[in-house]
Each structure stands twice: as C-alpha cells, then as structure tokens.
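I opened the notebook to look up a few things in one model. The entries follow in the order I made them.

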Amino acid sequence: MRDTPSLKELIEKVRPYSHGKDLRILEDAYHFSREAHCSQKRSEGSPYIKHPLSVAYILADIKMDLPSIAAGLLHDTIEDTNTTIEDIGRLFGKEVAFIVESLTKLSKVEFRTKKEAQAENFRKMLLAMSEDVRVILIKFADRLHNMRTLQHLPEGKRQRIATETLEIYAPLANRLGMGWLRTEFEDLSFKFLMPDLYEELVRKVSKRKEEQEGYIKDLIELITKKLQEEGLPGKVTGRVKHHYGIYQKMQKQRITFEQVHDVIGLRILTDTKANCYAILGLIHSLWTPIPGRFKDYIGVPKSNMYQSLHTTVIGPKGERVEFQIRTEEMHRIAEEGIASHWKYKEKGEFDEKSSKYISWLRDLVQVQKEVPDAMDFLEAVKGEVVPEVVYVFTPKGEIKEMPIGSTPVDFAYGVHTQVGHRCVGAKINGKIVPLRYKLKNGDTIEIITSQTHGPSRDWLKFVVTQRAKTRIKQWIKAEERHQSVELGIKLLESELRKHNMSNALMKSDEILAVAKALGMNSLEDLFVSVGFGKVSPHQVVNRLMPEKEAEEPEAVKIRKPLKEHKGVSIRGIDNILYHTAKCCYPVPGDNLVGFVTIGKGVTVHRRDCGNLERLVFEDARLVDVEWQPADDSTANARLFVETIDKPGILANLSALISSVDINISHLEASSTQDKKGHITFIIEVRDLSQLRVLIQKISQMEGILRVRR
C-alpha cells in the first residue's frame, strides 16, 4: 500500500481530467479539514488528516468530480468535530453539504443495540444514494482506506468491520459493477477474518503462478500469433483469480486448492462485440471446450451490466484454461461499473445508463417507505446484492433476472404488486406448475391472475425476494387489521347493548377520549385493539358509563378475571381473555410468550414451542407474559412416556404420580408392534420444579425407555 499522498499530489491527480476548472475548492476543503481535525489522531498515532486525504486520493483515482473529492476531504468533520452542516453549506455549497450530511452517522439518536444503529446509518446512506450516487462512492473510498489500515484497530473491531465489509460493501460494490473494488474488499476482509487460511492461499497461489509462468507465456504467444493469422485484433494477458474467489470455489465445490484448475486464466480484449464471438470460435477450434463451462454475458449481461464471454478449454498438455473475452469498453465497465459513465446534472442526477445500476435500489426505497424498520431494510439490501441469479423470459420474450430459488410468486411481485396479489397460478414453458416451483435459467413464465384472489400466508414459506415477502406481509397485516376493526366494532356494540347504551356513542367524542386515555390515537386503533383482544369491550364501555352507574355494589365489583386455572394470573395483560396453548401446555416457571389472535385474546405458549415459528411472521403479534400463581393453583401439563410393554407398568406409573401429590386428569395408552408402550398423561402440577421432579422419578423407574413433555 502506498504512503499517504500530499495535497499537491492530489491536485496533480485531479488536474488532467478537471478540464481547466478552479481547483481551489480542494485546497480550501483540505485546510478546513486539517484545522477541524487538528487535535485528533488515527489509531496508529498519525495525524487524522491522513485519512480524509487518502479517501480523496482514492476518489481522484476513479476520476470523481470536484464536489465529491471536497466531500471526501470533509466527510468526518460534522461527526468528529464542532463543525455544523450549516458551516459546510456556507463555505462549500449545498451540493457538498448534502453529501457530507448523508455520510454522517446518526450519533445523536439513541438506539437499543449497536446493530440497530449500524442498520439505521446504512439505510440513511442508501436513501441518499438513491438521490445521488456520489454518496456511496465516497463511502466506498472511506471504507477502503479503513480496510487498508485495519491492522491498527483492536481485534473485536477488526472482526466487526471486516464482516460488515464482506457481507454488505463487497456485494454492493459488485452490484454497482465495480469489479476491482469488490475484489479488494473481499481479499482484505478474508485477510483479517481468516488470517492463517489467507496466508496459506497467498503462498500457494504465488507458487502456482511461478510454476505456470512459462506455460502461460507460451500460451499468450501462441494465441497472439493465431489472432494475427486470422486478422482479429486482440490483446492477450494472464490473470490470477483473487484469493477470496479461490476460497469461495473451494468451499462451494468442497475441493482442495490443488483441485482448483482456473487459478490462472487468460483475458482477451478486442474492439467489437462481433470479434468477441469470432475469437471465441477460434479458441474452440484450437482446443476442446469443457461442457457447461461456457457463459455468454454479452448476449445476456449481468444486472450490474457486466459483459464478457467465459469459456474453459482443455489446453496444451491437457491443462484446463479459462478465458474471458470482451471489448475494451466492456472491460472498463466491468472494472469501474457505475463510476465509468455517470454524468452529473444538477445535484448529481443520473444519466440513463447509471440509472440502470440503481433501479433495484429505488424499488427498495419505495418498499421501505411502507416498512420503515431499518433492520428489515438492511436484510432487503443483502438479499438484493447477492449475485447468484437465474434468467427467465416473459411471454413477450423480455429477459428478467431473478435471485436463485425464486418462484412464480416472486416473479409476479417483480412485475407489479397487484399481479402478485392476484396470482392464482403460473405456466412455465406452456405447462401449469405449482406456485412453489423454482425458476430455472431459460424458463418462459406466464402468470395466471384472478380479480377475486388475494395472497396466502403460506406463500411466505417459499418466496425468496424481499419485495414479495414485504408485499405479502403488508397485505395480510392490512387484511387482519380490517377484520379486527369489524370484529372490534361488533364486540363494542354488543357490550353497549348489554348496558342499554346507544350505538351513537361509537362515533362520539366520549369514546375518542377513552381511546386516547388507553394510549391510542384514533377510534380505528381502539377497534383494532378490541378486535385483537388487547383491550376488552368491558374496559371501554365501563369508562363510557356515568360515574354513578359505573359504581357497582361491593359484592358485584370484585370480578374474577378470565382464567383457565384458579389462582393463576398473567402479568401485563390484566382483564384480557387468554388461554394456554394445547400444543405445549405451559406451566408456572416456564419461559412464556403470548400470541395475540383476532377475537380470541392471548394464547400463552412456552417460548421454545415449535408452533410459534409457524404462527408468527411479525413480532407485533407477540406480547410478554408471566405466570404469577397463587399457592393453591395448578396448571395442566402433558407428559409422554415410552415404556417396555409389560403387565403392571401403567399401574406403577399411576401410583408414582399419585404418590407425589399430582392428579391425573386424562391419559391415553397404546402399544406398538415392537413391544413398546406409549402413554400420554395430562396432569395437574403446581409449577415447573414439581414437574421436573416427577420426570426425574419416572425416568428412574424400571421399564421406562424415555419421558418428555
């Protein structure tokens, strides 16, 4: 890695492509940043200004414009110094101020977890990027310099930054077509996350390169000669696969380094698309191509607009050789991506080509407006930047790119939200297929819709795109809210009739005041809470009664809460209808969670209940609950006992249970062909500790194979 550049070197780097513009903004930004950071040091002890200066030089390397480089010099001033965004705007203009503010972390906002803070900051940056791509390019430069100097940070921080770079920034750089940056991000992350493995691969690649140097040199000379004979322009160079790419291949294919054949390959750059195919034909005429290893990314470019022909052949001496064939322009786009051809208008607007790079991001931005949770947004971005895709066709022959594992439902939502909602079936290559069908390369897909149809909750089990997941959840949530409003209104009207009160109260200021007293902003929120069972109709109507009517004789006033077991109460949901789940039979002492069901109140489950995952798709329907049993209360528990099938064992078990003062309320017994007995008991226990004692005693009995809840 080169030493930190000087201001003079930075200006000389920018001058050739600045077209005679006044470069004083860079000098002013440098001196302002240096002054602002004057008392600060980097982790290794060097003056802090070295970091923004290095970031600016990386930006100059990719030929960024003057406002971007100025913003690179200033990017930490608001966060780390007393500088304000107004200062930046006044001295350097609104354009620079917008970029710097977009890069500034939300340090004044309190977050519950560090992960949540990271997600919110990342979301803020990507939303700004959807307006001005320079935001992410400066963040890339900032992250790259931090990764190049990561060795100076403590181990824990190194691991966190390297992981985040590998999981988010490298795939994002790839999605924006910046091949060189993705490679460096991946290799630097690999170096710090798995240092021993990284060093071993570096040694092996270096040795392989040394061993094959003569072979590759001869091959380059041979191909260059053949190209000249055929009159095909082409520059042939050797290329070494980057270290993390080799590691990924070893992991994916479960092979050793020695079994990786394309560590070193050849790249041929030519002038036209037609000549790319002509050169491919020449290569295939010289050596046998390996079936399944040819990919045409020129005819079907990747989503990041990468174009190239890839083929692997059995070359001289039986060695496998991988070729990449592309034009000079394709190569520039493959390396520089979005940075290769953006042209700025007012405030960093995109030209048509650049817009293609971030159309996926704009879709995500639209989705996040409706689902504003930062962690969800971060997961959505991760899902969108994963590079593995399949290519399918619409009935009109248009190519659509979908993530691997996508189904017709994912495709339908990719076309339009309403197409997804109304999807009832799909035809693949003219044949009807299940909606769970996984799309394959080359499939032609036609969606069958119905105006009376809506999404199914089961779809959430198989869709893979964030767009489909989000839209389905939104629809279900809206539908459930609508149902709970209707149910809440019916329950309240019924309760009003019991007290001979008018339904006109349902639209009155009095009931709105009750809603606000219960912490709700609108009548609809109140109806939803009643419909979901979070608030009882009696609670609401009781507050609507005149004080004298609401006062009841002492004997009537003490109401027993709705309980399933005498003396058991649940903290946090007083006066709410609840019942315990029959799938897991929770007892006092278990770690519990409540699941809110429309019109049924709260169902109490054990937190480790296997059914919860199937029931719940969003945390909003979970409530924290806790048993507070009275001394004489009991709760039903279920025990399954597997025994050796022999006479008297059921009687012995029943006697043991009775001896520890536990009542059996129900039992079922059966025997199997292999002479085993299966017995299920429903018993009444005080708490978890009494149940554990019983389980231990049963497991020690002769003839017992296993016992579990």
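Is F140 buried or exposed? I found that F140 is buried, with a relative accessible area of 2%; buried means under 20% relative accessible area, exposed over 50%, and partly exposed in between, with a 1.4 Å probe and protein chains only.

I noted that this is a predicted model, where local features need pLDDT of at least 70, side-chain atom pairs count only at pLDDT 80 or more, and totals for chains, interfaces and linings use all residues. Residues are numbered from 1 along each chain as its sequence is written, and side-chain values use heavy atoms, with hydrogens and water left out.

Next I looked up ring pairs. Rings of Phe, Tyr and Trp (its six-membered ring) pair if their centres lie within 6.5 Å; planes under 30 degrees apart count as stacked, over 60 as edge-to-face and the rest as tilted. I got ten aromatic pairs by this rule. One of them is F140 with Y169, edge-to-face at 6.4 Å centre to centre and 75° between the planes. Y169 is buried too, at 4% relative accessibility. F140 also pairs edge-to-face with F185, at 6.0 Å and 65°. For F185 I read a relative accessible area of 0%, so F185 is buried.

Then I turned to cysteines. I found zero disulfides, a disulfide being a pair of cysteine sulfur atoms within 2.5 Å. C583 is partly exposed at 28% relative accessibility, while C38 is exposed at 56%.
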